[in-house]
Amino acid sequence: MSYENFIKKFIPNLSQTVFAPTECAYCHKSIDPIISGASVNFSEDKTFGVLFQCPNCKKYFFEAYLKTSSSGIISSPIGYKPTLNLNLNIPDEIKTVSPKFVEVYIQALTAEHYGLNEITGIALRKAIEFLIKDYLINYKKRPEDEVKKLLLGKAINLIDNPKIQVLARATSWIGNDETHYERRYEDKDVHDMKRFITALLHFISFEFVLDEADSFTACSNSK
């Protein structure tokens with residue numbers, strides 16, 4: 001359906017019509033888009049969606065619109081951002097000690113989901129640096145000014161738990177590979193990095209819970 005026919009069919013009496021996109025969301029060429037479908041109920045809905053097709057690359061993209069008055073005047077597009085449900089099972093202890101890690105980690109895996117594989121490992125490497133340094137500062141009570149200035153490898157050397165240290169080091173080595181022109185560890189990739197991060201998160205969480213249990217029992221025994 002052409003844009004003109006869409007307007008005639010769905011929006012015949014509006015004083016202001018839909019602002020159709022003039023650029024394809026994929027190939028970024030200037031376009032007069034093809035309307036492939038729409039969800040329109042002007043008597044009930046405050047928003048509606050239109051499915052466009054690019055006449056150049058033939059790909060489809062979606063846009064949402066908002067009615068801004070009872071007469072049905074439609075504003076510019078309000079944007080459409082589908083919610084990506086990543087089942088990450090991040091322990092609460094990790095969210096407490098390093099919320100910035102959680103933010104970057106989710107962004108890294110979101111990039112991977114959308115096929116941005118060349119930047120996923122780099123983002124995971126950044127996430128790990130936040131996790132390790134926040135772990136040292138917020139949990140191990142190392143001086144913040146000292147830890148913030150350290151290279152990641154030096155920060156990892158300060159970890160006193162050998163299991164956490166080896167997982168952090170393995171993860172950082174793969175992450176460094178992701179940022180370099182030539183790989184050093186050809187048999188390891190982002191998949192391995194994610195496995196190591198998952199184990200690392202659970203070992204750190206385990207340490208938190210163990211310390212809490214130890215403090216609880218020590219206090220109870222003194223009564």
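This is a predicted model: local features need pLDDT of at least 70, side-chain atom pairs count only at pLDDT 80 or more; totals for chains, interfaces and linings use all residues.
Is tyrosine 139 buried or exposed? I get a relative accessible area of 18%, and the cut-off for buried is under 20%, so tyrosine 139 counts as buried. I then searched the whole structure for aromatic pairs and got 5. Tyrosine 139 is in one of them, with tyrosine 135 as its partner. I noted 5.8 Å between the ring centres and 35 degrees between the planes, which makes the pair tilted. Tyrosine 135 is buried as well, at a relative accessible area of 0%. Both tyrosines belong to helix H4, and they are 4 residues apart, so about one helical turn separates them. I also wrote down that Tyr135 and Tyr139 share one aromatic cluster with Phe208.

**A lysine over a ring**

Next I checked phenylalanine 130. What sits over its ring? I found the charged end of lysine 100 there, 5.9 Å from the ring centre.

**Helix H3 and what follows**

I looked at H3 next, residues 99–113. The helix has 15 residues, and I get 21 Å from the first C-alpha to the last, close to the 21 Å expected at 1.5 Å a residue. Which residues of H3 are buried? My list reads Phe101, Val102, Val104, Tyr105, Ala108, Leu109 and Ala111. Just after the helix I stopped at glycine 115, where phi is positive, about 85 degrees.

Around there I also picked up a nonpolar surface patch made of Tyr114, Leu116 and Ile119. Together the three have about 310 Å² of accessible area. Isoleucine 119 lies in helix H4, which covers residues 117–139. I put isoleucine 119 down as partly exposed, since its relative accessible area is 44%.

**Salt bridges**

My search of the whole structure turned up 11 salt bridges. A reminder to myself: side chains of opposite charge can pair when their charged atoms come close.

I opened the bridge between glutamate 112 and lysine 194 and noted 2.9 Å from N to O. Which parts of the chain does this pair link? Glutamate 112 is in helix H3 and lysine 194 is in helix H8 (residues 190–221), so I logged it as a link between distant parts, 82 residues apart. Both ends are partly exposed: glutamate 112 at a relative accessible area of 25%, lysine 194 at 24%.

Then I went to lysine 188, which forms a salt bridge with aspartate 187, the closest N and O atoms being 3.6 Å apart. Aspartate 187 has a relative accessible area of 58%, so I call it exposed, the cut-off being over 50%. Lysine 188 has 28% and is partly exposed.

Is aspartate 192 buried or exposed? I have aspartate 192 as buried, at 11% relative accessibility, whereas arginine 195 is partly exposed at 45%. My last entry is a network: Arg125, Glu129 and Lys133 are joined by salt bridges that share partners.

Note on methods
Residues are numbered from 1 along each chain as its sequence is written. Side-chain values use heavy atoms; hydrogens and water are left out. Patches are made of residues with over 30% relative accessible area and no salt bridge: like charges are joined within 9 Å, nonpolar side chains (Val, Leu, Ile, Met, Phe, Trp, Tyr) within 5 Å. Accessible areas come from the Shrake-Rupley method with a 1.4 Å probe; for residues, only the protein chains shown count as cover. A salt bridge is a side-chain nitrogen of Lys or Arg within 4 Å of a carboxyl oxygen of Asp or Glu. Helices (H or I, at least four residues) and strands (E, at least two) are DSSP runs, numbered from the N terminus. Buried means under 20% relative accessible area, exposed over 50%, partly exposed in between (1.4 Å probe, protein chains only). The expected span of a helix is 1.5 Å times one less than its number of residues. Rings of Phe, Tyr and Trp (its six-membered ring) pair if their centres lie within 6.5 Å; planes under 30 degrees apart count as stacked, over 60 as edge-to-face and the rest as tilted. A charge sits over a ring if NZ of Lys or CZ of Arg is within 6 Å of the ring centre and within 35 degrees of the ring normal.
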